[in-house]
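Tutor: Let us work through this model by question and answer. Keep the picture open as we go.

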Amino acid sequence: MRSRRAGAGGPTPARRASHAYGNGLGRARSLVVLGVCLGAVTGLLLHVRTSLDGTRAHYLHEHKDAHLGRGSGTAAELLRAMEARLTTRGEDLKELHGDLHRRQVEARHAAAVASLSDSYVSHRNESNEAFLKRVSVGSPADAIAPTLNALSTVSQPFHPDPFSDYRGCQPQLIPTEPSDDVFRRGRRTDEIAPDDHNPWPINCKGSELLCELLTEVAINREVLVAVANSRAPGLHGFLENIHKVGISNFLVVTLDQQLTDTLAKEGIPHYFRPNSASGNHKVSAQKFGIIKEFVSVGCSVLLTDTDVVYLQNPFPYLYRDSDIESMSDGFDASSAHGFVEQLDDPTLPLARFRARTTRLSALNSGLWYVKATEASLRLMKVMEYRMDTEPDLWDQAGYNMELFFPAHDEHLTAGCTVRVLDPLCFLNSKVMFRHIRPKEKEYAQHLPIAMHANYHTDKAAKMKQVAEYYHGNRDSEVFVKCRDGCQVG
């Protein structure tokens with residue numbers, strides 16, 4: 001009984017040792033588990049810290065010690081410290097986001113200033129402030145102010161803007177002789193028949209009739225040429241206008257027998273090239289093969305559509321320093337002469353505005369001068385081939401692509417140099433009716449060379465109005481019946 005009471009009343013020394021061992025082992029296991037948990041939590045928190053630091057290390061460096069929670073004795077204290085630190089860093093990230101937005105705005109403004117300061121970029125037809133507001137949509141007004149101040153030091157384009165610096169239609173021939181002034185020296189063109197080459201025309205085998213005609217009609221080895229058939233609209237008025245202005249080195253390339261007979265009776269020089277093409281674009285597509293024949297015998301051509309009204313003889317106003325001189329579809333300095341435009345790629349943070357492209361209105365194939373050079377001849381051959389093999393190609397589109405698109409892969413270029421004719425002297429009808437007509441007093445002494453009625457459908461009416469206005473006493477009443485395209489804007 002004593003032994004049972006002893007056993008029941010308390011543990012024996014052996015049991016006490018066993019319990020002590022078991023309790024110690026349990027505590028050790030608990031500590032190990034706690035240590036593992038703390039290690040996992042600490043590792044996770046350190047991973048979060050590393051990620052945040054890696055994202056914005058330069059921005060958070062000064063705060064890393066303030067919120068580290070060093071010396072924390074328990075996991076709870078460490079978690080509280082890290083929670084406070086993460087809250088602070090969230091605020092830092094918001095501030096960083098705002099800073100990034102400000103930098104993007106500054107980059108956009110800097111690019112705008114760079115574009116305006118480019119000596120080859122004409123100012124758009126708007127104020128600097130309006131331009132900057134347009135490229136900075138959504139930006140606060142005070143963000144634009146520094147850039148506006150910087151614009152006061154931006155240099156202006158060195159080439160003149162005919163729309164703001166009107167000089168009249170009096171071009172100066174650019175000398176081709178050697179000069180130290182690279183901006184006033186033209187490139188020597190590779191003429192097929194140089195001025196000192198005689199006899200002229202040359203290469204007449206197979207083109208005897210053309211050479212004979214050019215001998216009689218051409219002046220200084222140049223002619224004004226229209227390509228037409230008997231269905232050409234407004235042809236009679238066009239021919240009357242040519243006679244009134246006194247352009248004697250003029251001939252019509254006729255495509256059908258009916259027009260050939262009509263011109264023969266009227267004594268108008270013509271060259272018969274029979275072709276069944278009908279419609280404006282189909283007839284226009286024949287130009288290149290026809291002009292190739294003129295250029296190959298050494299004759300330069302000022303090619304004209306029949307919806308062009310001439311107000312002066314155009315030949316004295318050509319520069320002749322380029323292979324091609326052409327009127328433009330442009331209606332202000334930037335669209336006629338070209339400008340550099342920024343591209344926006346939002347996927348590139350601070351570099352999103354660095355890419356640029358050049359923009360230029362199409363040259364108009366209704367009035368252009370083709371100098372008889374090897375490069376021009378190559379252009380005519382290429383365009384003749386393309387018009388024959390690409391039935392959906394518009395002649396004006398192909399003409400511009402061959403002049404301005406670079407060589408690539410197997411595709412070569414003709415290598416023509418290009419001059420844009422003065423848009424206030426060789427007018428398109430948009431410039432005439434949207435720019436000049438609303439400013440009659442400003443242009444009271446202005447006499448254009450020619451106007452192409454290319455923007456309007458009532459071509460005959462527009463041609464008649466312009467001819468009556470400039471050939472008469474400049475009575476604006478002739479424009480009263482103008483229906484479409486006469487509004488300013």
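Student: Is Cys211 buried or exposed, and what is its relative accessible area?

Tutor: This is a predicted model, in which local features need pLDDT of at least 70 and side-chain atom pairs count only at pLDDT 80 or more, while totals for chains, interfaces and linings use all residues. Residues are numbered from 1 along each chain as its sequence is written, and side-chain values use heavy atoms, with hydrogens and water left out. Buried means under 20% relative accessible area, exposed over 50%, and partly exposed in between, with a 1.4 Å probe and protein chains only. Cys211 therefore counts as buried, its relative accessible area being 5%.

Student: Which cysteine forms a disulfide with Cys211?

Tutor: A disulfide is a covalent bond between the sulfur atoms of two cysteines. Here the criterion is a pair of cysteine sulfur atoms within 2.5 Å. The sulfur 2.0 Å from that of Cys211 belongs to Cys204.

Student: How many disulfides does the whole structure hold?

Tutor: Cys204 to Cys211 is one of them. Cys169 to Cys425 is another, S to S 2.1 Å. The search of the whole structure gives a count of 2.

Student: How many residues apart in sequence are the parts that Cys169 and Cys425 tie together?

Tutor: Helices (H or I, at least four residues) and strands (E, at least two) are DSSP runs, numbered from the N terminus. Cys169 sits in the loop between helix 6 (141-150) and helix 7 (208-217), and Cys425 in the loop between strand 10 (418-420) and strand 11 (426-428). Both cysteines are buried. The pair therefore ties together parts whose separation in residues is 256.

Student: How many charged residues line the second largest cavity?

Tutor: The volume of this cavity is about 40 Å³, and its lining includes Met432, Arg437, Glu440 and Arg474. Helix 15 (429-436) and helix 16 (459-471) are the elements that each give two or more residues to the lining. Ala, Val, Leu, Ile, Met, Phe, Trp, Tyr, Cys and Pro count as nonpolar, Asp, Glu, Lys and Arg as charged, and the others, Gly among them, as polar. The lining then divides into 5 nonpolar, no polar, and a charged count of 3.

Student: Where does Tyr271 lie, and which residue has its C-alpha 8.2 Å from that of Tyr271?

Tutor: Tyr271 is in strand 3 (residues 270-272), and it is buried at 11% relative accessibility. Contact means heavy atoms within 4.5 Å. Beyond four places in sequence, the contacts of Tyr271 include Leu210, Val252 and Phe294. The residue 62 places away along the chain, with its C-alpha at 8.2 Å, is Leu209.

Student: Which residue lies 69 residues from Glu240 in sequence, and 9.9 Å away in space?

Tutor: Start from helix 8 (residues 235-245), where Glu240 is found. Glu240 is partly exposed, at 47% relative accessibility. The residue 9.9 Å away, C-alpha to C-alpha, is Val309.

Student: What is the mean pLDDT, and how many contacts has the stretch 134-158?

Tutor: pLDDT is the predictor's confidence in each residue, from 0 to 100. The mean is 75, and 66% of residues reach 70 or more. Where pLDDT is low, the predicted coordinates should not be read in detail. Residues 134-158 have pLDDT below 50, and beyond near neighbours in sequence their contacts in the model number 37.

Methods. On a 1 Å grid over the protein atoms alone, a cavity is a set of points where a 1.4 Å probe fits but cannot get out, and a pocket is an open set with protein on both sides within 12 Å along at least five of seven lines; lining residues have an atom within 4 Å of a point. Grid points are joined across faces, edges and corners, and a volume is the space filled by probe spheres set on the points.
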